[in-house]
Amino acid sequence: MFDVIRIPAFKDNYIWLLRKGASAAVVDPGDARPVIAALERQGLSLTTILVTHHHADHQGGVGDLLERFPAAEVFGPAAESITGVTHRVHGGETIRAAFCDVEWQVIAVPGHTLGHVAYYGAGCLFCGDTLFAGGCGRLFEGSAAQMADSLDRLAALPDDTAVYCAHEYTEANLRFALAVEPGNRCLKSRVNEVAVARAKGWATVPSTIALEKASNPFLRCGEPEVVASAQRRKADAIGDVAVFAALRDWKNSF
């Protein structure tokens with residue numbers, strides 16, 4: 001339906017450029033400069049901007065992009081203050097973006113921020129800082145219960161969904177995951193594969209929902225080894241939300 005092009009930005013961000021013919025969309029443009037360079041290099045016109053949340057490294061380039069492409073539509077969370085948004089979304093909507101004929105489900109995923117949303121369409125998930133390859137976002141505004149519920153919502157998507165998160169955090173995330181669940185064979189294999197990829201300078205994103213469910217501890221809060229590890233950190237971590245909270249606190253200082 002469209003091509004997805006990875007645009008590195010800042011230290012470890014990924015901005016996602018979606019190309020269909022001569023039209024393009026961009027997801028979470030924290031910096032306009034590399035986006036404009038990519039558009040010019042490929043002769044593309046920007047028609048759509050998708051923003052997941054209000055942090056500057058995800059939306060700081062919107063204004064400059066609109067100066068260059070003033071007719072572009074901008075989708076962003078209604079509950080957050082983001083300059084330039086023309087279509088405010090809450091989650092639960094189905095939208096159509098101008099750059100291609102694809103229906104996108106908007107999914108409310110509070111936790112990292114209170115208004116955070118994700119976009120799912122054509123087998124692709126753009127989830128900002130909610131679900132990472134091997135991990136999840138910090139709880140800057142929301143609660144552990146909110147984030148655990150958001151992750152459950154994403155984990156319910158089809159297994160072959162391509163997960164396009166917004167940072168290259170995979171190697172560090174998997175070091176933590178291995179500390180939580182050292183007996184997980186899939187995880188051990190993934191750690192080795194990611195180490196090889198990063199040594200060669202390759203990206204480790206996108207992932208898939210199936211791979212995350214098999215090796216991401218934050219999607220495995222009911223697994224016995226994960227529960228046992230969480231309870232060694234916090235004895236009263238009983239139930240999926242409490243286990244998630246214990247893991248997230250542990251990861252914060254890992």
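A residue is called buried when its relative accessible area is under 20%, exposed when over 50%, and partly exposed in between, using a 1.4 Å probe and protein chains only. By this criterion, 54% of the 254 residues of the chain are buried. The model on display is predicted: local features need pLDDT of at least 70 and side-chain atom pairs count only at pLDDT 80 or more, whereas totals for chains, interfaces and linings use all residues. Residues are numbered from 1 along each chain as its sequence is written, and side-chain values use heavy atoms, with hydrogens and water left out.

**The whole chain**

Along the principal axes, the C-alpha atoms fill a box of roughly 55 × 40 × 30 Å.

**The cores**

Next, select Leu 18, Trp 104, Tyr 119, Leu 125, Leu 154, Phe 244 and Leu 247, the residues with the most contacts inside the largest nonpolar core, which has 57 residues. Such a core is a set of buried Ala, Val, Leu, Ile, Met, Phe, Trp, Tyr and Cys residues joined through side-chain atoms within 4.5 Å. Helix α4 (residues 144-155) supplies the largest share of this core, 6 residues. Then move to a second, separate core of 24 residues, which includes Ala 32, Val 35, Ile 49 and Phe 69.

**Asn 252**

Select Asn 252 in helix α9 (residues 240-252). Its relative accessibility is 34%, so Asn 252 counts as partly exposed.

**Thr 204**

Finally, go to the loop between α6 (185-199) and β14 (207-208), where Thr 204 is placed. Is Thr 204 buried or exposed? At 14% relative accessibility, Thr 204 counts as buried. Display Glu 168, Thr 170, Val 194, Ala 197 and Arg 198, which Thr 204 touches when residues up to four places away in sequence are not counted; contact means heavy atoms within 4.5 Å. Thr 94 lies 110 residues from Thr 204 along the chain, with 29 Å separating their C-alpha atoms.

Notes:
Helix = DSSP H or I, 4+ residues; strand = E, 2+ residues; numbered from the N terminus.
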